[in-house]
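Hi everyone, thanks for coming. I'd like to walk you through one protein chain today, so please have a look at the picture before I start.

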Amino acid sequence: MWAATFSRWLDSPLLGWGSGSTFWEVYTGWTHTQPHNVLLQFLISWGVLGAAGGLWLLGRATMAAHRAGQADPQRLALLAMLYALLFQSLFEGMLHYPRFITAIIVLFALLHTSATRSLPQRTAD
């Protein structure tokens, strides 16, 4: 699937084939909704130009979340969950299906907003 997606992307490397194009542009014996790899998904959908922008935004958001997560040990679990979902997007359709995108966006938002507020410290009773 990855090789077929990459090969088809090479026919339109700058602009790609459009969102959801894997379904009608890549055929490996049956149709697929996406290539199960976020880099290939961005490339075939948006080409190099759109993929560069998408990866830049994703990278900036990830760096901001990383800084927020590292600043407070209470946020490390959220950061670990975010990283797990982003890593899984290299092998699954995490950034194709809304249920996963929603979880990723909520984790980004929780990490970002928690970094802009000072959390009350718990005291031992």
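Let's begin with L49, which lies in helix α3, residues 38-71. By helix I mean a DSSP run of H or I with at least four residues, while a strand is a run of E with at least two, and both are numbered from the N terminus. Before I go on, a word on where this comes from: it's a predicted model, where local features need pLDDT of at least 70, side-chain atom pairs count only at pLDDT 80 or more, and totals for chains, interfaces and linings use all residues. Residues are numbered from 1 along each chain as its sequence is written, and side-chain values use heavy atoms, with hydrogens and water left out.

Back to L49: is this residue buried or exposed? L49 counts as exposed, because its relative accessibility is 54%. The cut-offs are under 20% relative accessible area for buried, over 50% for exposed, and partly exposed in between, with a 1.4 Å probe and protein chains only.

Now zoom out. The protein has five helices and zero strands. Its radius of gyration is 18 Å, whereas a compact globule of 125 residues would be near 14 Å. That radius is taken over C-alpha atoms, and the globule rule is 2.2 Å times the number of residues to the power 0.38. The C-alpha atoms fill a box of roughly 65 × 25 × 20 Å along the principal axes. Buried residues make up 33% of the 125.

Next, the salt bridges. How many does the structure hold? There are two, where a salt bridge is a side-chain nitrogen of Lys or Arg within 4 Å of a carboxyl oxygen of Asp or Glu. R8 pairs with D11, with the closest N and O atoms 2.8 Å apart. R8 also pairs with E25, and there the closest N and O atoms are 2.5 Å apart. E25 is in helix α2 (residues 22-25) and R8 in helix α1, so this pair ties together parts that are 17 residues apart in sequence. R8, D11 and E25 are therefore linked in a network of salt bridges.

R8 turns up again over the face of W17, 4.0 Å from the ring centre. To count, NZ of Lys or CZ of Arg must be within 6 Å of the ring centre and within 35 degrees of the ring normal. The charged end of R99 sits over the ring of Y97 too, 5.3 Å from its centre.

Last topic: ring pairs. The structure holds four aromatic pairs. Rings of Phe, Tyr and Trp (its six-membered ring) pair if their centres lie within 6.5 Å; planes under 30 degrees apart are stacked, over 60 edge-to-face, and the rest tilted. W2 and F91 are stacked, because their centres are 6.3 Å apart and their planes at 25°. W2 is in helix α1 (residues 2-9) and F91 in the loop between α4 (76-88) and α5 (98-116), 89 residues apart. F6 and W9 have centres 5.3 Å apart and planes at 50°, so that pair is tilted. W9 is buried, because its relative accessible area is 11%.
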